[in-house]
Amino acid sequence: MKKQINEYISWIGKTDWELKKFHGDEFTTNKGSSYNAYLIQDEKTVLIDTVWLPYDKEFVKNLKQEIDISKIDAIIMQHGEIDHSGSLVELMREIPDTPIYCTANGVKSIKGQYHQEWNFIPVKTGDTLNIGKHTLKFIEAPMLHWPDTMFTYMEGADVLFSNDGFGQHLASEYLYADEVEQSVLWEQALTYYANILAPFGLLVNKKIQEILGMNLKIQMICPSHGLIWRKNPEQIVQKYLEWANNYKENQITILYDTMWNSTRKMAESIAEGIQEVDKKVTIKIMNTSRDDKTEVLTEVFKSKMILVGSPTVNNGYLHSIAGILEMIRGMKLKNKKAAAFGSYGWSGEAVGQITESLKKSGFEIINDGMKQMWTPDEEMKKQCIEFGKSMIENEKENV
């Protein structure tokens, strides 16, 4: 269903209320999402992006109800990932010669996925497309979050089509960010950034500074997922600058997995020690085998410190800890502290291995970690409490 944004621009995307997983099984989307495609009808008709493959026929059908698709003068593909390009094959069956504007990397991506020789027109930053009363300016945004990504700015309308930048995985009956519950909006915006764009913080900051340096007047930001920023769009830009700058809150997150609850008891006692020393710090305790990994990574992103615990099993640590450590490594976080802990029966390698993994992931390692043999008794619990206290004392010493 088309939704009019202004005299020239309409939303022609798909709201996916049922979406619960994204990027395979990597990203949990309990709030659903949307695939935002935009139709510009000036003297020339331009389509910006399409929708995910499962909805390709529905997308083309809806597009036909709004316009004669043979009258589409240009298609702009800002990113080749299938949630944006998935309807291209169905659409291009009917309008095969329509030019597709994308970056050079976009050509490689789309050809590599669909194996079609369409009428590609590679563009780079500063290139423009005049469509009548307005001009579209292209801005390359590599690794936000793929090498092929670009933004499109509509001069005269002051609209930035930002593809995967500034989005949220959030399905809504509304179109604009100011129309929805703000706590939910910002929670999803942060979750989206932490799980998709966090590895590219330096590039995010650099690209935003570049765009600000262009002195573009931006009245509206139209991302490819979630709600459109029409009121005070600079608020999400400022948040991105904040999140990209080694973001951390006054929070410590304790991640653990456990076999017979010994490591769990350690985690809870460590948290008790932290709270004894600092009543204001937010403490999150998360079982990596039970808590959703998207939520885990979001809490890690927010934290100034993480503690990671696992029992030693077969001379290593549990697989949920291995998985989450690998995902944390991929986030490329900076300016955060960490330590390891865990129980063991006879060998006890896990704590050292976790410490080494955290070090390779860029964390400042507080100490060699804590390991305890078998099930913690009252004396061992006191030791864990003291270990927790030492986390805060370490922080104070280094302020």
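Predicted model: local features only at pLDDT ≥ 70, side-chain atom pairs only at ≥ 80, totals over all residues.
Residues are numbered from 1 along each chain as its sequence is written, and side-chain values use heavy atoms, with hydrogens and water left out. Helices (H or I, at least four residues) and strands (E, at least two) are DSSP runs, numbered from the N terminus.

**Helix α7 and its partners**

- Helix α6 (residues 201–213) packs with α7 at an angle of about 140 degrees, the axes being 9 Å apart; α6 and α7 are therefore oblique to each other.
- Axes are lines fitted to C-alpha atoms, for helices over the stretch in contact, and angles run from 0 to 180 degrees between N-to-C directions.
- The α6 and α7 crossing is left-handed (the near helix is turned anticlockwise from the far one by less than a right angle; clockwise would be right-handed).
- V204, N205, I208, Q209 and L212 of α6 meet V237, Y240 and L241 of α7, where contact means heavy atoms within 4.5 Å.
- The residues in the contact of α6 with α7 are six nonpolar, two polar and no charged (Ala, Val, Leu, Ile, Met, Phe, Trp, Tyr, Cys and Pro count as nonpolar, Asp, Glu, Lys and Arg as charged, and the others, Gly among them, as polar).
- Helix α5 (residues 182–197) packs with α7 (residues 234–243) at about 45 degrees, with axes 11 Å apart, and their crossing is right-handed.
- The α5 side of that contact has W186, A189, L190, Y192, Y193 and L197, and the α7 side has Q235, I236, K239, Y240 and W243.

**Aromatic pairs**

- Rings of Phe, Tyr and Trp (its six-membered ring) pair if their centres lie within 6.5 Å; planes under 30 degrees apart count as stacked, over 60 as edge-to-face and the rest as tilted.
- The count by this rule is 15 aromatic pairs.
- The ring centres of F166 and Y240 are 4.6 Å apart with planes at 50 degrees, so the pair is tilted.
- F166 lies in the loop between β15 (159–163) and α5, and Y240 in helix α7, 74 residues apart.

**Sheet**

- An open sheet of seven strands has mixed pairing and the order β1-β2-β7-β8-β9-β10-β11 (two strands pair if DSSP finds at least two bridges between them).
- Strands β10 (residues 100–102) and β11 run parallel and are joined by three bridges, with C102 opposite P122 in β11.
- Helix α4 (residues 104–114) lies across β10 and β11, at about 150 degrees to β11.

Key:
Parallel < 35°, antiparallel > 145°, perpendicular 65-115°, else oblique.
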